[in-house]
Amino acid sequence: MYAITGATGQLGRLVIQALLKTVPPEQIVALARDPSKATDLSERGVIVRHFDYDQPDALAPALENIRSLLFISSSALGARLAQHRAVIKAAEAANVEFVAYTSLLFATSSSLNMAYEHVVTEGMLRDSGIPHALLRNSFYNEVFLSIAAPAIQQGVIFGSWGQGRIASASCADYADAAAVVLTDQDRSTRTYELAGDTAFTMAEFTAELARSTGKPIVYKDLPKADYRAELEREGIPAAFAEIIADNSAGSAKGALYDNSHTLSRLIGRATTPIAATISKFLS
Ligand SMILES: NC(=O)c1ccc[n+]([C@@H]2O[C@H](COP(=O)([O-])OP(=O)(O)OC[C@H]3O[C@@H](n4cnc5c(N)ncnc54)[C@H](OP(=O)(O)O)[C@@H]3O)[C@@H](O)[C@H]2O)c1
């Protein structure tokens, strides 16, 4: 049986959708912090089990009879290490045969501060001895929609993205890749650097947004500290503002760029360009 953590999240739901194309629902276990959010999945025949990273003792029983686990990284940035350790220990205790983990593009050499928790988690997986695949995802196209919405209102995008090229792909592209890896007969330990086929600078993203909305929108590049201050001025909590500013400044140095086309090869089709995600958002 296949199990997916974070099954009620954006990525988890799309992975289950992708799996259902080839796997009978009774072979899929949706692991949910709040099973009441997954009633639509149980109505489709998917098995739903309670799975809260913060309740370590309950995790191994929830993994009973699971051969392949998609471990979607926790959304609790900065507090993930204890949670991730608990999930990997539970997978060991439950004799899970294979784990696919959603990491970050080029995690071990990434300049992004958020890489740290992924690198440590990758090390925990290595130490566990469980055969595993590292799905080192670049950013989702959808991440940039949170920049687009206020920009359409205000006519400006601030950031420290510089001339860095961003090779993002849609969340559905990464979900399809996770489903392919999870159902593959290959149980060898391996790493995938996953990114979009096409890349853009933030100035190009801004121009595409202006073109598709017909509104004047400009990009204003700022030093990292100024961008962080701007985010705080807009009401974003300091710790989160630091993460966003760090991602932006890291991207200026190429942290979100990859040209290997590994993702499109894995899913057997081109990845979704940012313009298509913008267009879907606006319609
Ligand atoms: N590559 C990127 O651009 C990108 C962007 C955003 C996030 N991420 C990473 O990728 C992961 C998946 O992305 P996403 O868009 O699907 O995020 P999401 O929509 O926020 O979903 C996160 C999932 O994790 C679950 N979760 C949170 N805390 C948990 C806990 N203590 N125990 C068990 N489950 C817990 C959530 O459960 P609830 O439904 O109960 O909240 C939800 O199902 C994120 O968690 C984050 O690590 C990557």
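Close-up 1. As in every view here, the model shown is a predicted one. Helix α5 covers residues 115-128, and Ser128 belongs to it. What does Ser128 touch, once its neighbours within four places in sequence are set aside? Its contacts are then Ile88 and Glu92.

Close-up 2. Is Asn95 buried or exposed? Asn95 counts as exposed, because its relative accessibility of 61% is over the 50% limit. Along the chain, Asn95 and Ile130 are 35 residues apart, while 8.6 Å separates their C-alpha atoms.

Close-up 3. Seven strands make up an open sheet with parallel pairing. Reading across, their order is β3-β2-β1-β4-β5-β6-β8. Why is one side of β3 and of β8 left without a neighbour in the sheet? Both strands, β3 being residues 47-50, stand at the edges and have a single partner strand each, so one side of each has no neighbour there. From one strand to the next, the twist averages 20°. Helix α1 packs on this sheet and touches β1, β2, β4 and β5. The direction of α1 makes about 155° with that of β1.

Close-up 4. Strands of a sheet pair through backbone hydrogen bonds, in either a parallel or an antiparallel way. Strand β4, residues 68-71, runs parallel to β5 and is joined to it by four bridges. Look for Ser68 here: the residue opposite it in β5 is Phe98. Strands β1 and β2 also run parallel, and three bridges join them. For Tyr2, the bridge partner in β2 is Ile28.

**Close-up 5. Strand β2, covered on both faces.** In a regular strand the side chains alternate between the two faces of the sheet. Which residues of β2 point which way? Ile28, Ala30 and Ala32 point one way, Val29 and Leu31 point the other way, and all are buried. Strand β2 is thus described as mostly covered, with five of its five residues buried.

Close-up 6. Nonpolar side chains tend to be buried together in soluble globular proteins. The largest nonpolar core in this model has 35 residues, and Ile4, Ile16 and Leu70 are the ones touching the most other members. Among the elements that each supply at least two residues of this core are β1 (2-4), α1 (10-19), β6 (132-137) and α11 (262-267). Which element gives the most to this core? The answer is α7, with eight residues. Leaving out residues up to four places away in sequence, Ile4 touches Gly12, Val15, Ile16, Leu19, Ile28, Val29, Ala30, Leu31, Leu70 and Ile72. There is also a second, separate core of 32 residues, and Leu222, Tyr227, Ala241 and Ala245 are included in it.

Close-up 7. A pair of aromatic rings is described by how far apart the centres are and by the angle of the planes. The model has nine aromatic pairs. One of them is the tilted pair of Phe71 and Tyr101, at 5.1 Å centre to centre with 55° between the planes. Phe71 lies in strand β4 and Tyr101 in strand β5, so their pairing ties together parts that are 30 residues apart in sequence. Phe71 and Tyr101 are both buried. Phe139 and Phe144 also form a tilted pair, because their planes meet at 40°, with the ring centres 6.4 Å apart. Phe139 counts as buried at 11% relative accessibility, and Phe144 is buried with a relative accessible area of 0%. Phe139 and Phe144 belong to one aromatic cluster together with Trp161, Phe200 and Phe205.

Close-up 8. An unreviewed UniProt entry lists residues 3-246 as "domain: NmrA-like". Over this stretch the chain is 41% helix and 17% strand. The C-alpha atoms at its ends are 33 Å apart.

Technical notes
Residues are numbered from 1 along each chain as its sequence is written. This is a predicted model: local features need pLDDT of at least 70, side-chain atom pairs count only at pLDDT 80 or more; totals for chains, interfaces and linings use all residues. Side-chain values use heavy atoms; hydrogens and water are left out. A nonpolar core is a set of buried Ala, Val, Leu, Ile, Met, Phe, Trp, Tyr and Cys residues joined through side-chain atoms within 4.5 Å. Buried means under 20% relative accessible area, exposed over 50%, partly exposed in between (1.4 Å probe, protein chains only). Contact means heavy atoms within 4.5 Å. Two strands pair if DSSP finds at least two bridges between them. Axes are lines fitted to C-alpha atoms, for helices over the stretch in contact, and angles run from 0 to 180 degrees between N-to-C directions. UniProt positions are given in the numbering used here, feature names are shortened, and annotations may be inferred rather than shown by experiment. Rings of Phe, Tyr and Trp (its six-membered ring) pair if their centres lie within 6.5 Å; planes under 30 degrees apart count as stacked, over 60 as edge-to-face and the rest as tilted.
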